[in-house]
Amino acid sequence: MKKLNKKGVTLIELIVSFALVSVAVGYFYQTLFTVKKLYSKSQKETQEFVDKTYALRIVDAYIDKKGFDALSKSKVCPTYFKCNVLSKVDADNIYKVTITMENDKNVVLYKYHE
Amino acid sequence: MKNNNKGFFLAETIVVIALVTTVMAFVYPNVSKLYENYKNKALYYDQPEDLYVLKAYSEILKTDIENKTKVGDAIGCKNFIVNEKTTLLDNSSKNGLPRITLYITGYMTEVSDTDYNFNKYLKRLKKTTYDSASYRLIGKFGTRYASIKIDNPNPNRNCNLGG
């Protein structure tokens, strides 16, 4: 009959392997946590960028189509996209329109006109 | 059956560690740059509100730029090719627009600046856009940078891109 290997692992070997695995798992979780945090942050930033671009385009197109005087505080953005015109100034051939976004951040549109 | 109790040689272990370290050394700088590049793109480069400001500037300055008598030698051929701030455009504050520093550059120009971050933006611009016939109006909005393509600022000039 074949002789069995009954050596197994010693306590020292077991402790060392546990220590190594713990260190590896610790680093892995740390990385995972950092990536998760970065992902949420960048997702928010990207969304802000997209919203800002969209709001500026809407207001710009609105002025081109209906004129600066028709620009009112509540009727510019469509219902599915929340943004409001906070203030508008027409001085020295420049329209300055401040738009408030859904996240309460403001973005300013400058538009030249003859 | 005879067991193999040898395990690893020290030399083998060292070789493996050296290989892994080499791979990590190459991978880490590239991965760490990813977020920095993303952050620049999302927060500091070509923000939509800045592009609208540049558009307004380009429309205001179009007449001034084309009219040499108005701005004199400051907008000579050289200043459009070499990336220099013109007297007219430096720290412009026209018609209630935000006060920014403007540059006009021919695309083929080797643009560079002493400001490290701005230089990075210019290099990226050179890498990511290709239109040999176009000019760009570049604006520095503090720590943010933006640029738009513009028409040849002086159609009558007789020098070529790149000097």
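Predicted model: local features only at pLDDT ≥ 70, side-chain atom pairs only at ≥ 80, totals over all residues.
Setting aside the neighbours within four places in sequence, A:Val59 is in contact with A:Val76, A:Val85, A:Val97, A:Ile99 and A:Leu109. If you click through those residues in the viewer, you will be looking at part of the largest nonpolar core, which has 31 residues; A:Val59, A:Ile99, A:Leu109 and B:Tyr57 are the ones that touch the most other members. Chain B matters to the count here too: helix H2 (residues 48-66) of chain B gives this core its largest share, six residues.

Chain A brings 21 residues to the contact, and chain B brings 16 residues. On the side of chain A that touches chain B, the elements giving two or more residues are helix H1 (11-66), strand E2 (94-101) and strand E3 (106-112) of chain A. Among these, H1(A) provides the largest share, eight residues. By residue type, this side of chain A divides into ten nonpolar, five polar and six charged residues.

Now follow helix H1 (residues 10-44) of chain B. Its 35 residues reach 50 Å from the first C-alpha to the last, close to the 51 Å expected at 1.5 Å a residue. How many of the 35 residues of H1(B) are buried? The count is zero, so this helix is hardly covered, given that a buried residue needs 20 or more other C-beta atoms within 10 Å of its own. Just after H1(B), look for B:Asp46, which takes a positive phi of about 50°.

How values were computed: Residues numbered from 1 in each chain as written. Chains lettered and ligands numbered in written order. Contact = placed C-beta atoms within 7 Å. Helix = DSSP H or I, 4+ residues; strand = E, 2+ residues; numbered from the N terminus. Nonpolar A, V, L, I, M, F, W, Y, C, P; charged D, E, K, R; others polar. Core = buried A, V, L, I, M, F, W, Y, C linked by C-beta atoms within 7 Å. Buried ≥ 20, exposed ≤ 12 C-beta atoms within 10 Å, placed from the backbone. Expected span 1.5 Å × (residues − 1).
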